[in-house]
Amino acid sequence: MRLALAQAELAYQAGEVPVGAVILFNGEPIAAGFNQPIGLHDPTAHAEIVALRAAARHVQNYRLPECELFVTLEPCAMCAMALMHARFKRVVFGATDPKTGVAGSVLDLFGYRELNHHTVIEGGLLGQECGELLRRFFRERRAQQKALRLAAQEAAGQGGRAMPLGHNPPR
């Protein structure tokens, strides 16, 4: 998970939501990824998908039944289904995602017995650290947005300043 956190830091530095993922094959890291939907102009470029694509190329197979994923945030539906289609053995995540997490927070897609593949899920590994990185990112982003709003309001106020009495504007 420490390797996944290092990937999340790369996302943070790139201005992306700081999520990182690492894939192990027989206990050895073979692929890593971090969130890049903004930079790549690709809504599917979540950390898990970026790492999954790299791992599939590495083993030259779209099925990865001996692989394990370590990711800093609970997977979303898109990522969960991609991991199940690839037949991942195990997924370990750090922080829970109460808005879009589907490994137990909002839904438990991995728990549906009707699906044809079952992946072992473990959550909470370094969850506090993973969650704190996300909280820091969004706290800073909110502060930046607030500063931009205030600057825009101030700039608008400068242009609309009232003129002193007795002063005639130029015509």
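Predicted model: local features only at pLDDT ≥ 70, side-chain atom pairs only at ≥ 80, totals over all residues.
**View 1. The annotated binding site brings together His46, Cys76 and Cys79.** The label "binding site" comes from an unreviewed UniProt entry, which puts these three residues under it. They are spread over 34 residues of sequence, yet they cluster in space, with a largest C-alpha distance of 9.3 Å. From this set, His46 and Cys76 are part of the lining of the largest pocket. His46 is partly exposed, because its relative accessibility is 22%. Setting aside residues up to four places away in sequence, His46 touches Asn35, Cys76, Met78 and Cys79.

**View 2. Cys79 sits in helix α4.** The helix itself runs over residues 77–85. Buried or exposed, what is Cys79? Cys79 has 0% relative accessibility, so it counts as buried. Not counting residues up to four places away in sequence, Cys79 touches His46, Glu48 and Ile49.

**View 3. Gln7 is a buried residue of helix α1.** Helix α1 takes in residues 2–13. Gln7 comes out at 16% relative accessibility, and buried means under 20%, so Gln7 counts as buried.

**View 4. Phe70 is in strand β3, residues 67–73.** With a relative accessibility of 11%, Phe70 is buried. Residues up to four places away in sequence aside, Phe70 touches Met1, Ala4, Gly20, Ala21, Val22, Leu24, Arg90, Val92 and Leu125. Look for Glu122 here too: Phe70 and Glu122 are 52 residues apart along the chain, and their C-alpha atoms are separated by 9.5 Å.

**View 5. Glu68, Arg90 and Glu122 are linked in a network of salt bridges.** Zoom in on Glu122 and Arg90, whose side chains meet in a salt bridge at 2.8 Å, N to O. This pair links distant parts of the chain, with Glu122 in strand β5 and Arg90 in strand β4, 32 residues apart. Glu122 is partly exposed, at 35% relative accessibility.

**View 6. Arg136 and Glu9 form a salt bridge between two helices.** How many salt bridges does the structure hold? There are 8 in the structure. In the one between Arg136 and Glu9, the closest N and O atoms are 3.5 Å apart. Arg136 belongs to helix α5 (residues 127–159) and Glu9 to helix α1, so to speak distant parts of the chain, 127 residues apart. Arg136 is partly exposed, with 29% relative accessibility, and Glu9 is partly exposed too, with a relative accessible area of 29%.

**View 7. Arg53 and Asp42 make another salt bridge.** Their closest N and O atoms are 3.7 Å apart. Arg53 is in helix α3, while Asp42 is in the loop between α2 and α3, 11 residues apart. Arg53 counts as partly exposed, at 40% relative accessibility.

**View 8. Val106, Leu107 and Tyr112 make a nonpolar surface patch.** The patch covers about 270 Å². Val106 lies in the loop between β4 (90–95) and β5 (120–123). With a relative accessible area of 46%, Val106 is partly exposed.

Terms used
Residues numbered from 1 in each chain as written. Heavy atoms only, no water. Patch = residues over 30% accessible without salt bridge, like charges linked within 9 Å, V, L, I, M, F, W, Y side chains within 5 Å. Areas by Shrake-Rupley, 256 points an atom, 1.4 Å probe, with all protein chains shown as cover. Salt bridge = Lys/Arg side-chain N within 4 Å of Asp/Glu carboxyl O. Helix = DSSP H or I, 4+ residues; strand = E, 2+ residues; numbered from the N terminus. Buried < 20%, exposed > 50% of the residue type's maximum accessible area, 1.4 Å probe, protein only. UniProt positions renumbered as here; feature names shortened; annotations may be inferred. 1 Å grid on protein atoms, 1.4 Å probe; cavity = no way out; pocket = protein on both sides within 12 Å on 5 of 7 lines; lining within 4 Å. Contact = heavy atoms within 4.5 Å.
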